[in-house]
Amino acid sequence: MPSTADLLATLPAPFLANLQQADRRWSQLRQGPPAQVPTVVQESPDRLGAVDWDVVICGGTLGVMIGTTLALRGWRVLILERGILKGREQEWNISRAELSVLVELELLTEAQLEVAIASEFNPNRIQFMGGPAVWVQDVLNVGIDPVFLLDTLKARFLEAGGHLQEQTAFSHVVVHPDGVAIQTDTTLTARLMLDVMGHFSPVAAQARQGQTPAGICLVVGTCAEGLPVLETGDLLVSFTPIEDRCQYFWEAFPARDGRTTYMFTYADLHPQRPSLEHVFRHYLERLPEYQNTDLAEVKILRALFGMFPSYEQSPLQYPWDRIMPMGDSSGSQSPLSFGGFGAMIRHLRRLDAGIHEALNADALGTKDLNLLQPYQPNLSVTWLFQQSMRAPADRDLNPHQINQLLQVVFQEMEKLGDPVLKPFLQDIVQFPALSQTLLQISLRYPQLTPKILGHVGLGALFKWIPHYMGLGFYNELHRLIPALKQWSQTLSPKQQYYWQRRYDGWTYGTGHDYE
């Protein structure tokens with residue numbers, strides 16, 4: 001039987017080199033903030049005059065979606081991509097309902113969407129330590145082929161009049177009163193710059209000024225042959241107690257050319273947290289038990305890893321005019337999720353309309369653009385959930401406590417039905433659903449409350465309460481939107497822009513965008 005070292009040796013050399021490079025970055029994060037954050041954004045009082053573009057988008061993988069919508073509206077859009085704009089082979093999992101926005105905004109045809117769907121299955125399982133399984137339909141049950149998707153979006157973008165510069169790296173940007181001057185190997189001028197450069201965007205790093213992540217999700221996985229052929233998936237499964245001072249969770253999805261399995265854990269930046277290579281080796285050791293197979297039967301087709309930081313100050317609002325973060329650089333996904341594809345899809349309709357209206361109204365100042373990345377209490381409340389799923393690195397915890405808590409939570413949500421369970425599993429927390437779940441758990445399992453408090457601490461609870469109250473307040477504000485919309489239609493275009501952004505904030509911040 002091969003060892004994990006034997007399997008590691010079969011992986012492509014670039015994967016191992018990239019894993020070691022990511023581990024160096026992970027080690028640097030655990031050592032604390034950098035002594036100095038590079039300055040890539042500067043400001044100038046001089047006017048540019050005429051500019052080359054309406055919008056320049058830095059980062060094409062997710063940026064091509066918003067770029068195409070804006071090009072279809074007639075704006076002059078340029079995408080800068082430091083490499084070649086193409087998708088990786090690993091499928092992106094999402095639901096069919098969420099993908100409908102791509103057809104609605106005319107980024108894909110119905111036929112193209114069907115080709116982009118590489119796999120589809122039902123149901124998905126949630127289970128902890130062999131307890132009762134919860135099964136859910138139509139959540140992350142569609143695997144999208146990123147290669148076909150990005151090739152198709154790229155062609156659609158160019159067909160709509162967009163321009164693309166590949167192998168062009170962002171260097172720095174100067175903000176002027178009437179535009180931005182973006183430096184690559186040449187200087188490009190635009191009315192607006194969208195930063196879609198990801199978690200480690202240098203612009204986001206400057207805006208955060210050395211702030212370290214409050215939490216991180218470490219993910220490793222493979223797509224492999226030789227695993228059981230099942231037409232079901234796993235959304236959240238744990239079959240081990242806390243080990244390595246980590247609580248490990250698993251996902252598994254049928255894929256077009258094998259079966260994809262992921263192992264992930266939530267962590268803070270404590271020095272004792274394991275390296276990514278250690279987590280990957282642990283994944284290989286546990287994979288046979290998880291999939292009930294022999295390691296000798298496993299043929300790894302692709303291996304992957306990820307390190308996804310999350311910040312309490314999210315979504316991030318930039319302090320400069322005419323620059324706005326999107327995707328992972330904005331932190332607009334919850335700390336429970338990893339990867340910004342789902343969050344970009346969810347907010348695409350809102351961001352497309354908002355940026356279009358901002359350009360029309362010339363509402364491109366800091367205050368204007370920050371309304372497009374508003375406070376969302378339904379994201380902020382999930383911080384307590386992440387902390388309750390994270391094993392402490394500096395003290396011992398009952399090794400079964402996290403599994404026991406999650407088993408109770410998901411059993412109660414299952415009893416409350418799909419309207420409670422399904423939005424939560426798609427990163428959408430709603431005030432009525434959350435309140436019902438908390439009430440049921442506190443009444444049926446009063447012994448859990450002191451255990452949770454002992455785990456996360458009173459400080460975390462006191463931070464969470466205002467966000468929970470904010471979620472309730474926004475829920476009430478959302479009820480006022482129909483009446484306010486009629487009134488706001490009488491205002492100037494710029495004032496209408498401000499009010500529409502508030503309506504969006506109340507809608508998305510309470511999960512009322514969920515369909």
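Where is the place of Pro123? Pro123 sits in the loop between E5 and strand E6 (124–128). A cis peptide bond links it to Asn122, with omega about -10°. The model is predicted: local features need pLDDT of at least 70, side-chain atom pairs count only at pLDDT 80 or more, and totals for chains, interfaces and linings use all residues. Residues are numbered from 1 along each chain as its sequence is written, and side-chain values use heavy atoms, with hydrogens and water left out. Helices (H or I, at least four residues) and strands (E, at least two) are DSSP runs, numbered from the N terminus.

**Helix packing**

- Helix H2 (residues 13–30) packs on helix H8 (residues 276–291) at an angle of about 130°, and their axes are 8 Å apart. Axes are lines fitted to C-alpha atoms, for helices over the stretch in contact, and angles run from 0 to 180 degrees between N-to-C directions.
- H2 and H8 are therefore oblique to each other. Angles under 35 degrees count as roughly parallel, over 145 as roughly antiparallel, 65 to 115 as roughly perpendicular and the rest as oblique.
- On the H2 side, the residues that meet H8 are Phe15, Leu19, Gln20, Ala22, Asp23 and Trp26; on the H8 side they are Leu276, Glu277 and Phe280. Contact means heavy atoms within 4.5 Å.
- The contact of H2 with H8 comprises 6 nonpolar, 1 polar and 2 charged residues. Ala, Val, Leu, Ile, Met, Phe, Trp, Tyr, Cys and Pro count as nonpolar, Asp, Glu, Lys and Arg as charged, and the others, Gly among them, as polar.
- Helix H18 (residues 481–488) and helix H19 (residues 493–508) have axes 10 Å apart and pack at an angle of about 170°. H18 and H19 are therefore roughly antiparallel to each other.
- H18 contributes Ile481, Leu484, Lys485, Trp487 and Ser488 to this contact, and H19 contributes Gln496, Trp499, Gln500, Tyr503, Trp506 and Thr507. The residues of the contact of H18 with H19 divide into 6 nonpolar, 4 polar and 1 charged.

**Helix H16**

- In helix H16 (residues 448–456), the buried residues are Leu448, His455 and Val456. Buried means under 20% relative accessible area, exposed over 50%, and partly exposed in between (1.4 Å probe, protein chains only).
- Pro450 and Gly454 are exposed residues on the face of H16 turned away from its buried side.
- The packing partners of the buried residues of H16 are helix H12 (382–388), helix H13 (401–416), helix H15 (431–444) and helix H17 (458–479).
- Gly457 follows H16 and has a positive phi, near 90°.

**Strands and sheets**

- An open sheet is formed by 3 strands in the order E4-E8-E5, with antiparallel pairing. Two strands pair if DSSP finds at least two bridges between them.
- Strand E4 (92–94) and strand E5 (117–120) are the edge strands, each pairing on one side only. From one strand to the next, the twist averages 30°.
- E4 pairs with strand E8 (residues 142–144) over 3 bridges in the antiparallel sense, and Asn93 stands opposite Gly143 in E8.
- Strand E10 (residues 172–176) has 4 of its 5 residues buried, so it is largely enclosed by the rest of the structure.
- Strand E1 (residues 41–43) runs parallel to E10, joined to it by 3 bridges. Gln42 stands opposite Val174 in E10.
- E10 also pairs with strand E11 (residues 179–183) in the antiparallel sense, over 5 bridges. Val180 in E11 is the bridge partner of Val175. E10 and E11 form a hairpin with 2 residues between them.

**Backbone features in loops**

- Ser314 and Pro315 are joined by a cis peptide bond with omega about -5°. Pro315 lies in the loop between strand E17 (299–310) and strand E18 (323–325).
- Asp138, in the loop between strand E7 (134–136) and E8, has a positive phi near 60° and is not a glycine. Asp138 counts as partly exposed, at 40% relative accessibility.
- Asn292, in the loop between H8 and E17, is not a glycine but has a positive phi of about 55°. Asn292 counts as exposed, at 71% relative accessibility.
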